[in-house]
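Let's take a walk through this structure together, from the inside out. Here it is.

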Amino acid sequence: MMTEKANQILHAFLKASRQVSVRSQGYLGRMNLTYPQTVTLMILDADGPMPISELAKATGSANSTTSGVVDRLERMDLVQRVRSDQDRRKIFVEVTDHYREVRAETSSYATDRFAQAMKDLSEEEQDAVLKGLNVFADALSK
């Protein structure tokens, strides 16, 4: 049973997520990507190659959903599946050079939009948001 405080936190999180999505629309539109595709690319770009199962866990999606996202990104030449050199049975997903080129052209747009949204927060407020999001992410991962 959800407590009133948990319900308030969930609604605040969903509201913030929607705003991040809205603020990112120009960036996503320029790359013609969905939000799940963008999250997948950001995780792979930050954390490096990983199996579908690990990527699914990182995105909070089912393996089958993540596999579908990866299929679409592969057709766009933004990710590729590669076999492990150590264990040929393992397949990893990684970003492509084409993705890195596209990211270089568009990433400043997304970064600038986010920075613009954060500029009205004081240093203390930014620290509080960062701490709160980290605590929230840690709580959800348990």
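A word on exposure comes first: a residue is buried under 20% relative accessible area, exposed over 50%, and partly exposed in between, using a 1.4 Å probe and protein chains only. This is a predicted model, in which local features need pLDDT of at least 70 and side-chain atom pairs count only at pLDDT 80 or more, while totals for chains, interfaces and linings use all residues. Residues are numbered from 1 along each chain as its sequence is written, and side-chain values use heavy atoms, with hydrogens and water left out.

Let's begin inside. A nonpolar core is a set of buried Ala, Val, Leu, Ile, Met, Phe, Trp, Tyr and Cys residues joined through side-chain atoms within 4.5 Å. The largest one here has 15 residues, and Leu41, Leu44, Leu73 and Val79 have the most contacts inside it. At least two residues of this core come from each of helix H2 (35–47), helix H3 (52–59), helix H4 (63–75) and strand S2 (91–95); helices (H or I, at least four residues) and strands (E, at least two) are DSSP runs, numbered from the N terminus. Beyond its neighbours within four places in sequence, leucine 44 is in contact (heavy atoms within 4.5 Å) with Met50, Leu55, Val79, Val93 and Val95.

Now for the charged side chains. The structure holds four salt bridges, each a side-chain nitrogen of Lys or Arg within 4 Å of a carboxyl oxygen of Asp or Glu. In one of them, aspartate 71 meets arginine 81 at 3.0 Å, N to O. Because aspartate 71 lies in helix H4 and arginine 81 in strand S1 (residues 79–83), this pair ties together parts 10 residues apart in sequence. Arginine 81 also forms a salt bridge with glutamate 74, with the closest N and O atoms 2.5 Å apart. How exposed is arginine 81? Arginine 81 is partly exposed, at 28% relative accessible area; aspartate 71 is partly exposed at 29%, and glutamate 74 is partly exposed at 30%.

Another salt bridge joins arginine 100 and aspartate 97 at 3.1 Å, N to O. Both residues lie in helix H5 (residues 97–118), three residues apart, about one turn of the helix. Arginine 100 is partly exposed at 36%, whereas aspartate 97 is exposed at 56%. Looking back, shared partners join Asp71, Glu74 and Arg81 into one network of salt bridges.
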